[in-house]
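Let's take a look inside this protein, starting with what touches what. Have the sequence and the 3D view ready.

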Amino acid sequence: MRQISSLLKKVSLDLNKEKYPNIHVNLCRYNRKLNYFLRDTKVGVNLTVCWNGDIYKNLTVSIDLTPAIPVVISERQMRDVNEHAWKELADRSFHVVPYLKRGENEEWRASFSLAEVRIVRNLTKKQISLYKCLKFLRDLHGNVLAHIPSYHLKTFLLTTLYQNPDEQNVELIERENFYSSASWILLLLKKIAEYPLDERNIEHFFLKFRLSLIDYDMRWCASILEHLKSS
């Protein structure tokens, strides 16, 4: 880790100031005890830098650095992939990334980040706005005990859009106005959050398993919907 930290420091010092006059990046959060600029995370390390440009002054930027190993799965293993995600994994390749958590054994988990980037690039402006809206409304509610992760919201939205072969939900969202579409997505999420504990989960977009919601405070869905109705 110290070697990576030293390399990052060298890169910041060697930045061509004449070629990039408006970019001034200073490494920050230096760990004096461990002598590096990084901190451990569950999936790798995190680098925090300060962006000192002309418009944004002292803007803190957090960057996750995660080692990823490319793998190719067999046709038989593709049976564990949802049918609506087959076209996104046509080459049967993805990555595995480490997952480190105190008190638990180290393990490698499947990562579909590159495939997700391709999917998001093909989303319409309205669909992207719906995802941003979900995150905004989640963060807007101040009394949430445990926020649902953004990844859960993203996989829920993608599954809702594309789980049907004829993509009826895509047509529905594009046909309705933004208010109606956002309310409908929130209502679906609220219904799942009100299921019995053993059924309170959402489908993973790529793999045939479910992501549990029991650890997250989902009361914000009902609160936001009530506010939308009264406004």
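Contact here means heavy atoms within 4.5 Å. This is a predicted model, where local features need pLDDT of at least 70, side-chain atom pairs count only at pLDDT 80 or more, and totals for chains, interfaces and linings use all residues. Residues are numbered from 1 along each chain as its sequence is written, and side-chain values use heavy atoms, with hydrogens and water left out.

Helices (H or I, at least four residues) and strands (E, at least two) are DSSP runs, numbered from the N terminus. Ser183 sits in helix α6. Is Ser183 buried or exposed? With a relative accessible area of 16%, Ser183 is buried; the word means under 20% relative accessible area, while exposed is over 50% and partly exposed in between (1.4 Å probe, protein chains only).

| Residue | In contact with (heavy atoms within 4.5 Å) |
|---|---|
| Ser183 | Leu225, Leu228 |
| Leu186 | Leu134, Leu137, Trp220, Cys221, Ile224, Leu225, Leu228 |

Leu186 also matters for the next topic. A nonpolar core is a set of buried Ala, Val, Leu, Ile, Met, Phe, Trp, Tyr and Cys residues joined through side-chain atoms within 4.5 Å. The largest one has 42 residues, and Leu186, Leu189, Phe206 and Trp220 have the most contacts inside it. Elements that each supply at least two of its residues include β6 (93-99), α6 (178-193) and α7 (219-230). Domain 2 (67-112) and domain 3 (123-230) both give residues to this core, so it lies between them; the domain bounds come from an automatic or database domain assignment.

Notes: Lists of a residue's contacts leave out its neighbours within four places in sequence.
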